[in-house]
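Dear colleague,

I am passing on a structure for you to look through, and I would be glad if you kept it open while you read the notes that follow it.

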Amino acid sequence: MSVKPRAIHFGAGNIGRGFIAPLLSQSGYHVVFTDVDKDLIDTINEEKSYGVHILDTNGTEDGEKEVQEIIHVKGVLSTGNDLIREIEHPKLKLITTAVGLPILDKIAPALAKGIKARRAAGGGTINIIACENAIGATAQLAEKVRKLLDGQDAEWAAQHVGFPNCSVDRIVPPFNPEEHDAESELDVGVEEFFEWVVEGPSLKGEKPGALDVPIDGMTLTDNLAAYNERKLFTLNAGHAIVAYLGHLKGLQTVDESIADEEIAAVVRGALHEEAGAALCRKHNFEEKAHGKYIEKIITRFQNAAVKDDVVRVGRQPLRKLGRGDRLVGPARMCTEYNISMRHLPRGIAAALLYHNEEDEQSVEMRKAIEEKGLEKYIVELTGFEDGSDIHKEILKSYAELNGSKKVA
Ligand SMILES: NC(=O)C1=CN([C@@H]2O[C@H](COP(=O)(O)OP(=O)(O)OC[C@H]3O[C@@H](n4cnc5c(N)ncnc54)[C@H](O)[C@@H]3O)[C@@H](O)[C@H]2O)C=CC1
Ligand SMILES: O=P(O)(O)OC[C@H]1O[C@](O)(CO)[C@@H](O)[C@@H]1O
């Protein structure tokens, strides 16, 4: 039996293989992926290793790109008893997820079943961290899992299962192995930058507030709210605005879209003058340092080595238009601080205009606009009052952007 500490990662997709598993593996964990995709799990078990291609570095002296080898990985299906046995495993320390926010509902029953089995088997303390693009994703997962536990299982989980929230930041676009001479179809391509910030005080273990086996590259904080809002209302807000405006202009990738001067002006206005100003007020960020953080993010969007499709970045517009999410969230924060807005409403309007027959939420959104009328629908989605300044700005931008290629 391996003496290494073990970690189970739910979702062997881009962020799982390209970000979370590499950090776990490089920190000494034996990584077990779990996924609904049987072919993917079979491939993981056949190959047992894969490469992480760092897309934006010059790499080695001879100009080769850096490829990090992630070895000794294993896979189990997320729908069967193998997963429950993995959750029972005495060496298990950590469970992470990167499946997409709406999927947390679907994995909660397996987690609850695994926790019951672990208690029955006399297992030790574990932590569960949902690495999804949302504020409080782990708390949402914890609530779903706790609802499925009662009696001694619930008591045991309260003592022995930590549920820290986190913020995850690394751009991991879909990867074409052939284009990169990749040895395995499991290989992934990532930007060099990453930031994984975890709520330290919620970690359970030998030393409260820390992992028994620390992870290189994971930052612990007791002020996650600030990191979370800074990331979601900057990186994700900017990304979404670039994607929706780029899509309206018929552009395909994020780097092409941010190269468009009109789009860049809207993004800079939204991030510096609006979301950024509100974030600095709320979290006391130093303005100059926050300005640098924004500009660093814009250079990440400009990175032509990371060819990220606007359709991927704009996927599921209704989730992205959620009240606490990347577009409406910062706009609501601006209203709290009486910061007037022109650019965030343009991003919100562009999201409302996002038309993609292959995206269910885009189809649902268009139908809702037709049936309910735009004015009412904006109120329903955003909570902004009919006739308020921001409501008027969104309507104005929507009218200007509709059918026009001019976006600023
Ligand atoms: N790709 C990126 O650059 C980033 C993504 N994220 C977040 O990470 C999450 C995952 O995103 P990606 O890796 O891009 O998506 P992805 O689609 O590449 O990977 C998701 C994986 O979850 C699996 N899955 C779906 N249902 C499942 C279930 N019931 N049980 C187990 N596995 C299941 C899928 O088969 C897939 O392999 C999302 O919440 C996203 O917002 C966060 C930061 C960066
Ligand atoms: O994964 P989501 O929430 O659909 O949004 C796409 C976003 O995910 C990321 O890929 C990673 O944060 C961002 O680049 C982008 O803003």
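Helix 1 gives three residues to the shell around ligand 1, which is the largest share of that shell. Please keep in mind throughout that this is a predicted model.

Which residues come nearest to ligand 1? Among the 26 residues around the ligand, these are Gly11, Gly13, Ile15, Glu132 and Asn133. When the shell around ligand 1 is sorted by class, 13 of its residues are nonpolar, eight are polar and five are charged.

Turning to the chain as a whole, the domain assignment divides the protein into domain 1, at residues 6-222, and domain 2, at residues 226-401. The C-alpha centres of these two domains are 29 Å apart, and 14 residues of domain 1 are in contact with 15 residues of domain 2. On the side of domain 1 that touches domain 2, there are eight nonpolar residues, together with three polar and three charged ones.

Finally, there is an annotation from a record to consider: UniProt, in an unreviewed entry, places the feature "domain: Mannitol dehydrogenase C-terminal" at residues 223-400.

With best wishes

How values were computed
Residues are numbered from 1 along each chain as its sequence is written. Chains are lettered from A and ligands numbered from 1 in the order in which they are written. This is a predicted model: local features need pLDDT of at least 70, side-chain atom pairs count only at pLDDT 80 or more; totals for chains, interfaces and linings use all residues. Domain bounds come from an automatic or database domain assignment. Two residues are in contact if their C-beta atoms, placed from the backbone, lie within 7 Å. Ala, Val, Leu, Ile, Met, Phe, Trp, Tyr, Cys and Pro count as nonpolar, Asp, Glu, Lys and Arg as charged, and the others, Gly among them, as polar. A residue is near a molecule or strand if its C-beta atom, placed from the backbone, lies within 6 Å of it. Helices (H or I, at least four residues) and strands (E, at least two) are DSSP runs, numbered from the N terminus. UniProt positions are given in the numbering used here, feature names are shortened, and annotations may be inferred rather than shown by experiment.
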